[in-house]
Amino acid sequence: MTEQPALSPAKAQADAPANTRKVFVKTYGCQMNVYDSDRMTDALSRDGYTATEDMSEADLILLNTCHIREKAAEKVYSALGRLRDMKKTRASQGRELMIGVTGCVAQAEGEEILRRAPAVDVVIGPQTYHRLPEALKRARTGQRVVDTEYALEDKFSHLPQAEKAKTRQRGVTAFLTVQEGCDKFCTFCVVPYTRGSEVSRPLAQILDEARNLVDGGVRELTLLGQNVNAWHGLDADGRELSLGDLLYRLSEIPGLARLRYTTSHPRDMDERLIHAHRDLRMLMPYLHLPVQSGSDRILKAMNRRHTADDYLALIRRIREARPDIALSGDFIVGFPGETEADFEATMALVREVNYAQAFSFKYSTRPGTPGAELEDQVDEAVKSERLERLQALLFSQQYAFNDSRVGMVFDILLEKPGRLEGQLIGRSPWLQSVNVDGDPAEIGSLIRVRITGAGNNSLFAERI
Ligand code: 5AD
Ligand code: SF4
């Protein structure tokens, strides 16, 4: 942990009494951050903080940040500029406002954040969230704190007591982190540097947290990890387990209705996991399996360690095991050296797979990654033009997929009230939002519906 004197000591202002402090967390980026934000709020609640959705009443504002692309990182600095003004206004009213930066920008930039953003009191990386309350205490004495060390201890063992999690009202769906970090080192990606090397959470801890979440009313669990299908563990007899085994184990929890997991790497889709898709009805028929590019030359330069044909063969095997599975993917256009022919290979792969959902990005140079060293960077205008073509194709596939659900009958999980009174929003097996009439008391149940209409992003249904 490193410390610097505060530019504007937080101490000079009147503190809210410790037990009435409020924290507002703004989450950027992936679901892993959503999960981490919840854990931070939990840790702070043991320290007397309550969470608020209203930034203006917060005594502590945390930005849980994302560093995956340049735009994501820059957003954080503009938000910090606005917070600086808010902190000044507060100071003139004699009220404390502490500001923390957590997540991947914190990990990647550390001290640099203190230099660029004078309003920031604490900078905490993803490996040290359990030390957040301690860092805030120090900051309150007028020290600015940067804590981005890779903790030698296992950060998972510092998660709040399961009992705590039980008492907090969560929705009917929950994320559960089972794995963190990545050893794959794709040449465009900062994750191996910001999240560190792969760590799997032990089986017993995962089963415990899962049972607690289900006891608290959760019906659907999404297992999270940057490379979730690299999860591995040991059972009580010391036998090696993979993610497929974990899913079989979780499927035995009474009361749990649905399982999902994200994000996977094609290299780690093993036989056992494919069998889980074949055997477990509660494992939802939806798989996010990024391929990034359809060109073997580019895949090699990206260090993805598979070819386009490997990926297509894998998709065929998964579809044989679970014919109704929907595929989702991530794509990068304009990786250094990408030619028109390389890009056409990506378009051809997309046409062959036919995705239900996808995320596509222009390549963004990330300092410190091997990709940043490559010559032959692609012109911005070319990237934009390719992204437009790719997205037109992907969106048309997504709309067609939504349309193809019309007339189908299946179960949806009722998640929350709809926009209009008397309406509820449920979730299809394929992650689509479904609008249906109903009463809020039904939230958390599975109901059978017939799809009557499809929009670009959601479906409409009637009960049967
Ligand atoms: N530029 C553009 N997109 C990126 N992604 C990761 N790193 C970069 C980068 N440098 C995308 C990949 C990944 C998703 C989470 O973000 O498609 O799968
Ligand atoms: Fe990044 Fe590649 Fe690891 Fe995914 S598999 S987190 S893209 S390095």
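## Strands, ligands and a few buried residues

Trainee: How do strands β18 and β21 pair, parallel or antiparallel?
Mentor: Strand β18, residues 409–417, and strand β21, residues 446–454, are antiparallel, with 5 bridges between them. Keep in mind that we're looking at a predicted model.

Trainee: Thanks! Which residue is the bridge partner of I412 in β21?
Mentor: That's I447.

Trainee: And what joins β21 to β22?
Mentor: A hairpin, through 3 residues. Strands β21 and β22 (residues 458–463) run antiparallel and are joined by 5 bridges. If you want a pair to look at there, V449 stands opposite R463 in β22.

Trainee: Switching to the ligands. Which residues surround ligand 1?
Mentor: The shell is made up of I68, R69, F188, Q292, D330, I332, F361, K362, Y363, S364 and R366.

Trainee: How do those divide into nonpolar, polar and charged?
Mentor: There are 5 nonpolar, 2 polar and 4 charged residues in the shell around ligand 1.

Trainee: Okay, and which side chain has an N or O atom 2.6 Å from an oxygen atom of ligand 1?
Mentor: The side chain of D330. The side chain of Q292 also has an N or O atom facing an oxygen atom of the ligand, at 2.7 Å. On the backbone side, a polar atom of F188 is 2.9 Å from a nitrogen atom of ligand 1.

Trainee: How much of ligand 1 does the protein cover?
Mentor: On its own, ligand 1 has 400 Å² of accessible area, and the protein covers 86% of that.

Trainee: Which elements give two or more residues to that shell?
Mentor: Strands β16 (326–333) and β17 (357–362).

Trainee: Now ligand 2. What's around it?
Mentor: C182, K184, F185, C186, F188, C189, V191, P192, H265 and R304.

Trainee: How many disulfides does the count come to?
Mentor: The count is 0. Take C66 as an example: the nearest cysteine sulfur belongs to C104 and sits 6.4 Å away, whereas a disulfide needs the two sulfurs within 2.5 Å.

Trainee: Why does C66 count as buried?
Mentor: Because its relative accessible area is 13%, and the cut-off for buried is under 20%.

Trainee: Last topic, glutamines in loops. Where does Q127 lie?
Mentor: In the loop between β6 (122–124) and α5 (132–140). Q127 is buried, at 12% relative accessible area.

Trainee: What does the side chain of Q127 reach?
Mentor: The backbone oxygen of R195, at 3.1 Å. For a sense of distance, Q127 and E96 are 31 residues apart in sequence and 27 Å apart in space, C-alpha to C-alpha.

Trainee: And Q432, which loop is that in?
Mentor: Q432 is found between β19 (423–427) and β20 (433–437). This glutamine is buried too, with a relative accessible area of 6%.

Trainee: Which side chain is joined to that of Q432 by a polar contact of 2.7 Å?
Mentor: The side chain of S428. Have a look at that pair in the viewer!

Notes: Residues numbered from 1 in each chain as written. Chains lettered and ligands numbered in written order. Predicted model: local features only at pLDDT ≥ 70, side-chain atom pairs only at ≥ 80, totals over all residues. Heavy atoms only, no water. Near = heavy atom within 4 Å. Polar contact = N/O pair within 3.5 Å; in protein donor to acceptor, adjacent residues only side chain to side chain. Areas by Shrake-Rupley, 256 points an atom, 1.4 Å probe, with all protein chains shown as cover. Helix = DSSP H or I, 4+ residues; strand = E, 2+ residues; numbered from the N terminus. Nonpolar A, V, L, I, M, F, W, Y, C, P; charged D, E, K, R; others polar. Buried < 20%, exposed > 50% of the residue type's maximum accessible area, 1.4 Å probe, protein only. Pairing = 2+ DSSP bridges.
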